[in-house]
Each structure stands twice: as structure tokens, then as C-alpha cells.
Amino acid sequence: MSRIYNFSAGPSTLPESVLLQAREDMLEWRDSGMSVMEMSHRGKHFAIIAEALENDLRELLAIPANYKVLFLQGGASAQFSFIPQNLLAGKTKACYLKTGAWSEKAVSDAKNYCDVVITASSEAEKYTHIPVESDWLIDTSAAYLHYTSNETIHGVEFTGVPDSKGLPLVSDMSSNILSRPVDVSEYGLIYAGTQKNMGPSGVTIVIVRDDLIGRAPKTTPPVFNYAEQAKNQSMLNTPATYNWYLVGLVLQWLKEQGGVAAIEQRNIAKAAKLYQAIDKSALYKNPVSVPYRSRMNVPFILADESLDKAFLAAAEAQGLYELKGHRSVGGMRASIYNAMPEAGVDALLAFMAEFERTH
Ligand SMILES: *Cc1c(COP(=O)(O)O)cnc(C)c1O
């Protein structure tokens, strides 16, 4: 067996110890006589897994008691529609910050439900920065302000909490949740698909303040309705039980690493190394304005595009995979989530230096 370094943006690399634990538990979880996959979601064994999952997430993010945590399906993409359905509460407008491909998608889906006020957009600059707050247009009659805290495709990340002028703040944290501490109490709602930084695909985390729950119109399908899901511990229908278990293992691993503040220090170190090498080089270039560079997704282009294929092939020969940039931006992208070890980044840096020397 030889495991590669996987720089995929998602589904992404998982801690090896998590995979080993899953292997150990495959035929029988503890003394249950069965695999987690075979358990009833209403049974006593799965109840232990579900409770630990929620408690660990609450502990890692210090989620206040007046927030519900939901574990849903449909990915972050489904939330692009669930959020307006659940939060508009009779209002006709919602504010959105447009800072990359994912917020673009969120805007486009929200338009099916309300008038979208574009609070600010960096589209004209090809999403290489975040517009300064003093230029934002916030309509205080809107139901909420939505933003994407890390743009996975463009490699742009917010460092602070946007000032929403009193509107409930809604954040898509799919690709940077648990990579840095957040003050949950500043938010109305936080959501994230699990396949970037929390586990495999198949679960969507929604952390939502109590007072924002229960405002969906009656026509909202119950499985899309936060109030119904909250009342039923996210088990209105059969949840993705095995994925809950795997996300739970990743959270336990993160606790063993020292939690979010500790992993943040490692994420800072990994990203700094990579950007430094890119900035020093004559061959590689990152287009994002320095203060907004993502710690999780590092896109870079080669000075000579005709070398792209050779770069990717040579990287794979060194065991470095999934470095191809998103088709919409081209070039390369190294995703260096929590589970990417520093040794993986070091191997990438050594390879990039060698490739530059020989090309
Ligand atoms: C990956 C991603 C999504 C889409 O997630 P799905 O689970 O595939 O729906 C949405 N937003 C961001 C920021 C992402 O990185």
C-alpha cells in the first residue's frame, strides 16, 4: 500500500488514524455486534455516536446553548435554497457579498426566492480580493447578510467577521470551518458541507440561532425546514448514519490535535511556507491580494501555461495528486486543509523548487 498526498479541494484527504479506526470498527462497532452502517438510527448504539458528534462539535467551536446544530443532507448547495426559504420570514430582500464562484452560486439560487442586494462584488477584479467594508451597501430592511468565508475555487478568505449592520449574519464556511476559531455568537447561521475539512461528503452542518428557527412558510418541505429538523434531532428522515460516524471520528482526531486554536497555528505555518515559495519564484504566481489569501486553498499559475501538463504529471510521479486548478480558473490549486500534514506541504515545496530548476 502507498498512500499519496492528496491536495484535492473536496472530497479531501482524511487523517490516517481516522481511516484506521474506521477499518477497525468496520465489522463490529464496540460490542454492538454490527457495523455502524447496519445500525438503526433510532437504536441505543447510534444514539451514542450522534450525541458524541454534536457534543464534540459544540466543544470545538464553543457553540452557545441558544444555537441548534443540525446534520442535514443535500450539501452546502441545498442550503443556498434552504436559507432563503427558512430565513426570509416574509421579507423580500437579502444581502449577499459576491467574492467568488461559491457566493455567485448562492446568489443565483437565492434569486428564486427574493430580491438579492449585492452588498459588494469583486467580480470585476476576477475575485482576487475582498471589497473594503466602507464601500458596502447594506439594506437594513433585508432578512440577512450572506457571505462565503472562504472561496474554495478562487482562494480568497475573510479574516474577520463582516459588519452586517445588525442583520443576521449567514456564512458558508464549507472550506474553512474548524480551521480557525470563530465566535459563533456573531452569527445567525453557519453552514458547511463536511467533505472539505470535517470528513467525507454526505453531511451538511447547520448551526443556527434559536430565534431564526420556525419562520419558514408552511409550504416548505419538512426535511428542508430547520424547525422540523431541530425538533427531530436531524432525524426527520433517515440520516447519513455512517457519515455522521466518520465526521465524529474526525472531530475526535481534531480534539487530540489540541482543538481549533492549535490546528490554526499549523494551518498558518503550512500556508505561509507555500505562499512564500510562490512569491519568491519566477515560475509560480498567486493572483490574490495578500491580506485575503486563503489558508486552505492556494491557487497558483505557471508563468508558461504550456508547462501545466508536465507539472501535473511530474507531481504525480512524486506522489502529489489533485493539484489541477478548478476548470473555471485554470492553473493549479493546492488544498491544504487540517488533515494535510506539514510533510505533505514540504514534499510539494521540494517538488515545485525542483520543477522550477529543471524548466
Ligand atoms: C464545496 C463547496 C460548496 C458546495 O458543497 P456541496 O456539498 O457539494 O454542495 C459550497 N460552498 C463552498 C464554499 C464550497 O467549498
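Predicted model: local features only at pLDDT ≥ 70, side-chain atom pairs only at ≥ 80, totals over all residues.
Trp102 is partly exposed, with 22% relative accessible area.

Start with the ring of Trp102. Lys105 lies over the face of this ring, 5.0 Å from the ring centre. Trp102 also forms an aromatic pair with Phe80. Phe80 belongs to helix H3, while Trp102 belongs to helix H4, so the pair ties together parts 22 residues apart in sequence. Phe80 counts as buried because its relative accessibility is 3%.

Now look along helix H4 itself, which spans residues 101-110. Its buried residues are Ala101, Ser103, Ala106, Val107 and Ala110. An α-helix has 3.6 residues a turn, so residues three or four places apart point the same way. What do the buried residues of H4 pack against? One partner is helix H3, residues 75-87. The others are strands: S3 (93-98), S4 (115-121), S5 (145-148) and S6 (150-151).

Next, the aromatic rings elsewhere. A search of the whole structure finds 15 aromatic pairs. One of them joins Tyr284 and Phe300. Their ring centres lie 5.7 Å apart with the planes at 90°, so this pair is edge-to-face. Tyr284 sits in strand S11, residues 284-285. Phe300 sits in strand S12, residues 297-302. The pair links parts of the chain 16 residues apart. Tyr284 is buried, at 5% relative accessible area. Phe300 is buried too, at 0%. Both rings belong to one aromatic cluster, together with Phe311, Phe351 and Phe355.

Asn197 lies in the loop between strand S9 (189-193) and strand S10 (204-209). Is Asn197 buried or exposed? Asn197 counts as buried, because its relative accessibility is 6% and the limit for buried is under 20%. Its side chain has polar partners in the backbone. A polar atom of the Asn197 side chain lies 2.9 Å from the backbone oxygen of Ile177. The side chain also reaches the backbone nitrogen of Asn338, at 3.0 Å. Beyond its neighbours within four places in sequence, Asn197 is in contact with several residues, including Ser174, Leu178, Val250, Met296 and Tyr337.

Note on methods
Residues numbered from 1 in each chain as written. Heavy atoms only, no water. Buried < 20%, exposed > 50% of the residue type's maximum accessible area, 1.4 Å probe, protein only. Helix = DSSP H or I, 4+ residues; strand = E, 2+ residues; numbered from the N terminus. Contact = heavy atoms within 4.5 Å. Phe/Tyr/Trp six-rings, centres within 6.5 Å; stacked < 30°, edge-to-face > 60°. Lys NZ or Arg CZ within 6 Å of the ring centre and 35° of its normal. Polar contact = N/O pair within 3.5 Å; in protein donor to acceptor, adjacent residues only side chain to side chain.
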